[in-house]
Amino acid sequence: MIRFIHLSDVHLGAVPDRGCPWSHEREEEIWETFRRVIAGIRKNPVDFLFIAGDLFHRQPLLRELREVGELFASIPETQVFLVAGDHDYIREDSFYRSFSWPQNVTFFASEEQTCVEIPQKQTFVYGLSFEQPEIRTPLYDECRPVNKPGFHVMLAHGGDVSCCPMDFTRLAGAGFDYIALGHSHKPHMVSRDRIVYAGSLEPLDRNDLGKHGYIEGTYENGSVKLRLRPFALRSYQNLVLTVGPDTTQYTLEEMLRNEVMKRGGRNIYRIILQGRVSPDNILLPERLHALGNIVEIMDESCPDYDLEELYRQYRGTLIGDYIKSFDKEGMTVVEKKALYYGLQSLLSAKVLTGGRKRL
Ligand SMILES: [Mn+2]
């Protein structure tokens with residue numbers, strides 16, 4: 001049985017959520033998680049480590065390549081295969097061009113598809129690296145494995161218009177046992193147990209929701225079995241807080257504190273406020289930023305007005321006309337906000353001018 005790990009899009013050097021208080025910690029954590037993967041392999045060696053592009057977020061510094069080289073050298077029983085993606089493409093002056101890797105590492109150094117045979121494991125690994133940040137030609141669609149028995153694995157990066165488009169139906173029929181994909185940060189199977197995006201090792205962007213880690217696989221008697229091994233230190237999560245007419249700032253903050261405690265204080269949250277608040281209660285959602293790693297607050301809540309009742313009461317006045325102008329199905333969140341903000345100021349103006357008179 002052959003055991004392997006497939007990972008991609010580590011993006012060493014990335015600084016997620018730039019400007020947020022936790023941002024620099026995360027820059028270091030991305031390295032740390034990568035080191036933990038290697039430490040895990042050191043303890044429990046696999047036959048192959050496939051890295052399907054964007055190991056680095058940008059051109060690697062020489063000292064960064066040295067560190068990665070040393071990490072690979074510390075797992076001599078594992079053969080490492082590495083391609084460069086669109087972020088860490090092999091620029092003309094890239095240190096990738098001159099770096100000498102340890103013996104157990106194969107770096108695919110050109111945009112030309114190459115096949116490397118590992119005779120003692122009856123394995124064939126295919127790959128190419130980006131030499132430019134954008135490739136609009138489908139470089140992988142014509143690739144076919146050599147006609148020899150064994151485990152045939154292709155490393156491929158991209159899959160969208162500007163990044164090596166791929167015809168997955170053709171690739172699925174090309175004859176590879178496994179296609180280890182990189183570029184999409186969301187782990188997912190394009191074709192079950194055959195064409196798979198490992199996703200980024202750590203989530204890098206507030207839209208990278210869900211679990212992140214690497215793919216653990218085996219190959220035996222012609223069949224590949226896989227599982228996603230969650231490994232990231234943090235996750236991005238959407239957190240919906242539903243408010244009601246009785247919700248005060250205090251209860252809102254308690255609600256958030258409890259949720260963050262339950263789901264984990266390290267995780268990074270996008271707060272979505274929903275529901276109806278009493279027009280007399282003033283909530284200050286921006287104060288929630290202090291209660292956790294809050295990357296964004298979307299306030300979709302509305303004041304709890306009875307629009308029909310208000311319309312009846314103010315028909316023929318500016319307030320009535322105003323309500324009527326919004327009377328339609330499927331209002332967007334922004335339109336609803338406009339309606340309620342407008343109402344709020346019209347109603348308070350009404351108070352100032354002494355009650356129910358034509359405005
Ligand atoms: Mn990429």
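1. A salt bridge is a side-chain nitrogen of Lys or Arg within 4 Å of a carboxyl oxygen of Asp or Glu. By that criterion, the side chains of Arg 26 and Glu 202 form a salt bridge, with 3.3 Å from N to O, and a search of the whole structure finds 28 salt bridges.

2. Please keep in mind that this is a predicted model, in which local features need pLDDT of at least 70 and side-chain atom pairs count only at pLDDT 80 or more, while totals for chains, interfaces and linings use all residues. Residues are numbered from 1 along each chain as its sequence is written, and side-chain values use heavy atoms, with hydrogens and water left out.

3. Returning to the pair in the opening point, Arg 26 sits in helix α1 (residues 23-43) and Glu 202 in the loop between β10 (195-197) and β11 (213-220), so that distant parts of the chain, 176 residues apart, are linked. Helices (H or I, at least four residues) and strands (E, at least two) are DSSP runs, numbered from the N terminus. Both Arg 26 and Glu 202 are buried, where buried means under 20% relative accessible area, exposed over 50%, and partly exposed in between (1.4 Å probe, protein chains only).

4. Arg 97 forms a salt bridge with Glu 131, and their closest N and O atoms are 3.2 Å apart. This pair links the loop between β3 and β4, which holds Arg 97, with the loop between β6 (123-127) and β7, which holds Glu 131, across 34 residues. Arg 97 is partly exposed at 42% relative accessible area, and Glu 131 is also partly exposed, at 30%.

5. For Arg 287 and Glu 253, the closest N and O atoms of the salt bridge are 3.5 Å apart. Arg 287 lies in the loop between β14 (268-277) and β15 (293-299) and Glu 253 in helix α4 (residues 249-263), so the pair ties together parts that are 34 residues apart in sequence. Arg 287 is partly exposed at 46% relative accessibility, whereas Glu 253 is buried at 10%.

6. Which residues coordinate the manganese ion? They are Asp 54 (OD), Asp 86 (OD), His 157 (NE2) and His 183 (ND1), at 2.1 to 2.3 Å; donors are N, O and S atoms within 2.8 Å of the metal (3.2 Å for Na, K and Ca), and sites may look incomplete because water is not among the atoms. Along the chain, the donors follow the spacing D-x31-D-x70-H-x25-H. Asp 86 is buried, with a relative accessible area of 14%, and His 157 is buried at 0%.
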